[in-house]
Amino acid sequence: NLHIVDVVDTDPRGKTRPAFGRIFFTEGKSLLFYAYDLNPAKIQKADFQYRVWAKREGQDKQLRNLGVFYSDDKSQRRWVFKCTDPKVLNDIDSVFVTLDPTQGNPSHPHGPNLMYAYLRGQPNHP
């Protein structure tokens with residue numbers, strides 16, 4: 001039950017922005033999110049971090065702060081986030097990324113959504 005989801009970032013008018021990613025989601029087992037071309041200057045200069053959030057669509061459940069991206073390969077401008085908690089993974093169906101202050105409240109996103117992906121479509125790999 002592997003889902004591979006390509007993610008692009010768009011502005012409010014639907015124009016594609018440089019950041020993009022790929023998610024490998026194995027139901028109830030793991031979520032591996034690679035992101036490319038995130039702006040590292042904002043993190044270094046202003047003490048910000050790229051945070052991954054999750055939720056279940058169509059319900060009044062609150063957002064979940066899953067954690068932050070870490071630089072995986074600076075030469076390829078690749079960032080990575082990984083979650084292997086089955087309880088969390090069974091309770092979410094979408095993820096998105098924000099750029100939030102490091103010292104901000106980790107229970108609420110502060111920045112605009114940079115990338116969004118729905119995870120519960122049909123598995124697209126055996």
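**Exercise 1. State how many aromatic pairs the structure holds, and classify the pair of tyrosine 50 and tryptophan 79.**

Solution. The structure, a predicted model, holds five aromatic pairs. Rings of Phe, Tyr and Trp (its six-membered ring) pair if their centres lie within 6.5 Å; planes under 30 degrees apart count as stacked, over 60 as edge-to-face and the rest as tilted.

Step 1. The ring centres of tyrosine 50 and tryptophan 79 are 6.0 Å apart and their planes stand at 65°, so this pair is edge-to-face.

Step 2. Tyrosine 50 belongs to strand β4 and tryptophan 79 to strand β7, so the pair ties together parts that are 29 residues apart in sequence. Strands (E, at least two residues) and helices (H or I, at least four) are DSSP runs, numbered from the N terminus.

Step 3. Buried means under 20% relative accessible area, exposed over 50%, partly exposed in between (1.4 Å probe, protein chains only). Tyrosine 50, at 4%, is buried, and tryptophan 79, at 12%, is buried too.

A note on the source: residues are numbered from 1 along each chain as its sequence is written, and side-chain values use heavy atoms, leaving out hydrogens and water.

**Exercise 2. Describe the surroundings of phenylalanine 33.**

Solution. Step 1. Ring pairs link Phe33, Phe69 and Phe81 into a cluster.

Step 1. Contact means heavy atoms within 4.5 Å. Beyond its neighbours within four places in sequence, phenylalanine 33 has contacts that include Val7, Ile23, Phe69, Trp79, Phe81 and Met115.

Step 2. A nonpolar core is a set of buried Ala, Val, Leu, Ile, Met, Phe, Trp, Tyr and Cys residues joined through side-chain atoms within 4.5 Å. The largest such core has 27 residues, and Phe33 is among those that touch the most other members, as are Ile23 and Phe69.

**Exercise 3. Determine how β2 pairs with β1 and with β3.**

Solution. Step 1. Two strands pair if DSSP finds at least two bridges between them. β1 and β2 are antiparallel over eight bridges; valine 8 stands opposite phenylalanine 20 in β2.

Step 1. Five residues separate β1 from β2 in a hairpin, and glycine 14 in the turn has a positive phi of about 90°.

Step 2. β2 and β3 are antiparallel over seven bridges, with alanine 35 in β3 as the bridge partner of glycine 21.

Key
This is a predicted model: local features need pLDDT of at least 70, side-chain atom pairs count only at pLDDT 80 or more; totals for chains, interfaces and linings use all residues.
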